[in-house]
Amino acid sequence: MNLPEKKGLYNPQNEHDSCGIGFVANIKGEKSHEIVKRGLSVLTNMAHRGAESSDNKTGDGAGISLQIPHAFFEAQNIDVPEAGFYGTGLLFLPKIKSEVKWCKDALVKIIKEENARFISFRDVPVNPSILGEIALSAEPHIEQIFIAANIEQDELERKLYIIRKRIEKEVRNSDLSQKLMFHMPSLSSRVIIYKGMFTPEQLEKYFLDFKDELFTSAIALVHSRFSTNTFPTWDLAQPFRYIAHNGEINTIKGNRLWMGARESLFKSELFEDNLKKLFPVIEPDKSDSASFDNALEFLVQTGRSIPHALSMLVPESWNTKNPIPKSLKAFYEYHSTYMEPWDGPASIMFTDGRYVGGTLDRNGLRPSRYLVTKNDMIVMGSEAGVQTFPGEQIKEKGRLRPGKILLVDTKLGIIIPNEEVKANLARQNPYGNWLNEYRLNLEDIVVKNRVSSDLGEKHNTYLKEFAYSKEDIDLIIKSMAANSVEPLSSMGNDTPIAVLSKKPQLLFNYFKQMFAQVTNPPIDPIREGLVMALTNYIGSVQSNLLVDTPEHCHLIKFKSPIITNTDLGKIKDLKHKSFKNVSLQMVYPVKDKAKGLEKAIDILCKEAEKAVNDNNNFIILSDKGISKDMAHIPSLLAVAAVHHHLIKVRKRMQVGLIVETGEVREVHHYAMLLGYGASVINPYLSFAVIRKQAKNGDLGDVTYSQAREKYIEAIGKGIKKIMSKMGISTLRSYHGAQIFEAIGLSKQLVAKYFTGTTSNIDGIDLEGISDEVQTVHNKAFEINGDNGHLNHEGIYAFRKNGEEHAWNPESISLLQWATANNDYQKYLEFTKITDEHTKKPTFIRGMLEFRKNPIDISEVEPAESIMKRFVTGAMSFGSISKEAHEAMAIAMNRIGGRSNTGEGGEDKARFIEDENGDSKRSAIKQVASGRFGVDAHYLVNADEMPMKFKLRWHKVQNQVKADSFRDIKLIKL
């Protein structure tokens with residue numbers, strides 16, 4: 001099947017995988033059919049890491065990457081030249097014959113235009129009878145192509161790369177009805193990839209080439225796909241051209257945007273004028289793994305080694321806590337100045353036909369185990385046991401460590417240790433010297449003038465302009481300034497979402513932070529400080545990343561993205577040819593309302609573009625210019641608009657963005673500005689508030705300087721906490737990744753100013769935003785108003801005339817009355833007011849309209865039968881109180897429904913009925929591999945068990961046969 005178009009809640013950009021990967025190789029490079037068979041065996045042994053569709057025969061995807069089997073192709077009577085002088089690869093083609101011809105003709109035409117020689121097409125023998133119904137319906141027509149050129153092999157690889165990129169673009173831009181079926185898994189003189197929508201066992205049975213003993217290789221890299229919450233397709237099966245990936249790239253939106261923004265700066269001596277033929281580097285509408293492979297392929301083809309490119313894209317931690325050599329830290333820091341990490345839990349195995357190996361991300365949350373035999377065979381997999389050998393044959397066993405690389409050179413016949421790989425990278429250039437000579441540290445810049453945080457008479461006006469409340473000051477800022485920590489709140493929010501609120505809202509409130517799609521062990525930002533970093537840079541952000549030059553280091557390094565007024569002053573006053581800056585105002589004429597706001601944003605974007613043309617290295621976006629006539633442009637809107645405009649005009653990488661704003665005060669605000677492209681933030685109004693609190697003694701003995709540092713520290717901790725929930729370790733990765741969902745903003749506004757942001761619920765446009773800004777602006781500058789008084793808006797606790805709360809004095813008192821006195825009439829009063837409150841609407845569910853199609857009550861099941869199908873969610877015992885957990889179990893048992901234990905087992909005392917006949921036993925017992933609290937007593941007291949065992953389902957069905965389990969219903973997850 002092909003990916004459907006974006007519709008409803010589905011977006012093809014959200015495609016992710018969680019998979020099984022492995023490889024088998026002969027270290028000495030000796031080709032054999034045994035390696036191919038062992039590779040397919042590794043794949044089959046990881047079948048439990050893949051997934052199947054509803055027909056139980058269609059896999060999410062499986063594939064294998066092998067060296068070119070030259071002898072096999074010669075035996076097929078194909079007129080190929082010597083090995084290394086021709087390229088080949090499979091072609092996934094449409095089913096319509098006329099469209100097949102169109103694709104093949106276009107490909108041959110491009111081959112000739114690129115001065116290569118088309119040899120022939122070959123029908124690939126396949127066995128479609130083994131496919132499931134779903135895979136069969138999407139099965140492409142498969143052929144193979146052979147292309148020759150009498151040039152050196154590396155140059156041939158680049159030519160084949162150009163040919164493939166050109167035909168991909170040609171088909172993508174065509175009017176073919178089945179163009180989405182077109183795909184080239186590989187086109188190379190070194191490797192060939194066989195893959196598709198198979199289960200692991202089906203791959204070998206489908207491609208009949210594997211049966212031939214002449215089909216040999218010294219390397220076999222395999223992948224079994226689990227397309228988590230996404231669609232399986234033939235083209236997204238792996239391996240890709242270089243990698244097989246297990247995990248997810250959580251920063252993928254930003255990575256794709258940054259790579260696209262860099263294209264205008266790319267220059268390559270290897271490709272010269274042909275470089276533009278490779279754009280876009282990142283293929284549109286592919287998975288995160290496919291995009292990563294695109295980036296890796298581009299870096300390798302333009303001259304970098306695989307270890308070098310991987311170390312740029314997935315660097316290990318290089319902060320002060322990691323005991324690696326200084327030269328290697330310099331290598332990583334140098335590359336971090338112009339390449340953000342592609343961050344997320346990842347185990348990556350790779351091959352280019354000569355080298356094969358694997359690497360882990362800096363956290364090491366995806367296992368990768370390897371084994372070396374005495375007869376020069378190496379096996380690596382997502383787990384131990386993908387291949388078995390007699391003990392006497394095993395020479396070495398081990399596992400990859402976080403951030404490390406295992407590399408096998410089959411040409412030299414050696415395994416290159418991680419230390420040697422990294423030492424060679426670190427010695428390529430004097431990275432440490434370049435950093436010391438050209439990079440500036442913010443703290444090392446001399447202070448010329450100290451800038452006060454005092455706003456004087458403007459203080460209260462600014463507070464009202466930026467909609468500060470007493471809660472913001474007393475609960476949020478004060479807590480961080482006094483204690484260095486973000487205040488804690490209870491789980492959940494019973495206030496309306498921003499678009500449904502009757503009170504003016506900050507634009508930040510229209511966005512929600514997204515979380516990692518695949519369930520991962522969360523990063524602990526406190527105890528795993530080794531892998532987390534808030535370092536960022538501004539300045540001459542980068543030129544051409546395809547060449548290592550000292551000019552990349554012309555940057556100012558920030559240990560925190562939050563800077564003081566004095567630090568911002570240092571940057572403004574810095575007299576240096578590499579750090580030229582300009583300040584642009586984020587304000588608009590308030591009388592012109594939405595049209596004035598739109599015009600001001602357009603002008604701001606054009607001014608930013610001009611600033612780049614004038615060779616400014618960073619732009620300061622400031623909202624200090626507010627006045628009675630000029631209201632602030634919401635800082636998030638301004639930053640996102642400028643960021644995406646500069647990306648669109650291909651000038652974003654030449655400049656850094658600093659935001660000087662009075663709007664931000666809590667962690668979410670900072671995270672959003674950073675996520676939409678801000679490099680550094682100066683929260684001048686928050687500092688002014690802290691100064692006043694310290695001066696008035698509200699912070700105890702804490703001085704203003706100490707309080708400001710505590711506040712900055714608290715924001716840093718909060719940002720790390722947010723990143724950790726996304727499986728992201730570094731601010732450099734989070735920067736520009738826009739991992740948010742817009743809720744309640746018009747799709748047109750989001751598309752224009754927040755391009756690429758998920759937006760499933762429509763809402764206000766610029767007119768609505770300007771109305772909200774105007775409301776607070778009028779209060780700030782009202783003639784006879786009390787500018788010294790701030791309201792308590794009642795966001796975090798109910799207040800009369802404050803924000804609405806679902807749990808308010810009326811609803812709470814009625815519920816308490818009803819339950820305390822068992823008063824059903826009061827309970828009906830409670831449900832009535834809560835239903836009315838919901839329908840105002842206060843929540844999205846209040847906007848739902850239900851179709852009414854009444855039927856005779858005699859045709860409806862009795863309530864007793866319906867309630868037997870009621871189940872509770874799998875809420876873990878640790879997530880709610882003991883009383884609540886047991887109360888739900890009792891309630892379900894009374895009505896004949898089923899409660900779920902969640903994770904963590906269940907106290908055996910609950911298996912015994914109470915004296916009054918109630919039972920606290922949960923009928924559904926959750927089970928998973930290695931789950932604590934699971935024993936025989938637990939299992940036999942279950943009516944239903946959701947199974948998460950990492951076993952094939954048919955094995956579970958066949959093996960669980962004990963009499964004590966015969967009445968238990970097994971649920972496949």
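Trainee: What should I know before I start?

Mentor: Residues are numbered from 1 along each chain as its sequence is written, and side-chain values use heavy atoms, with hydrogens and water left out. Since the model is predicted, local features need pLDDT of at least 70 and side-chain atom pairs count only at pLDDT 80 or more, while totals for chains, interfaces and linings use all residues.

Trainee: Thanks! How many residues does helix α1 have, and how far does it reach?

Mentor: Helices (H or I, at least four residues) and strands (E, at least two) are DSSP runs, numbered from the N terminus. The expected span of a helix is 1.5 Å times one less than its number of residues. Helix α1 (residues 33-45) has 13 residues and reaches 18 Å from its first C-alpha to its last, close to the expected 18 Å.

Trainee: Which residues of α1 are buried?

Mentor: Buried means under 20% relative accessible area, exposed over 50%, and partly exposed in between (1.4 Å probe, protein chains only). In α1, the buried residues are His33, Ile35, Val36, Arg38, Gly39, Leu40, Val42 and Leu43. Their cover includes β1 (20-26), β2 (62-67), α6 (200-206), β7 (219-224) and β12 (377-381), with contact meaning heavy atoms within 4.5 Å.

Trainee: At what angle do helices α9 and α11 pack?

Mentor: Axes are lines fitted to C-alpha atoms, for helices over the stretch in contact, and angles run from 0 to 180 degrees between N-to-C directions. Helix α9 (residues 306-313) packs against helix α11 (residues 418-426) at about 85°, with the axes 10 Å apart. That makes α9 roughly perpendicular to α11; angles under 35 degrees count as roughly parallel, over 145 as roughly antiparallel, 65 to 115 as roughly perpendicular and the rest as oblique. Pro307, His308 and Ser311 of α9 meet Val421, Lys422 and Leu425 of α11.

Trainee: Now the sheets. In what order do β3, β4 and β5 lie?

Mentor: Strands of a sheet pair through backbone hydrogen bonds, either parallel or antiparallel. Two strands pair if DSSP finds at least two bridges between them. Here the order is β3-β5-β4, an open sheet with antiparallel pairing. β3 (86-93) and β4 (117-123) stand at the edges with a single partner strand each, so one side of each is left without a neighbour in the sheet. Six bridges join β4 to β5 (residues 141-148), and Asp123 has Glu143 of β5 as its bridge partner.

Trainee: Is strand β8 buried or exposed?

Mentor: Five of the five residues of β8 (residues 243-247) are buried, so this strand is largely enclosed by the rest of the structure. Five bridges join β8 to the antiparallel strand β9 (residues 346-351), and His245 is partnered with Ile348 of β9.
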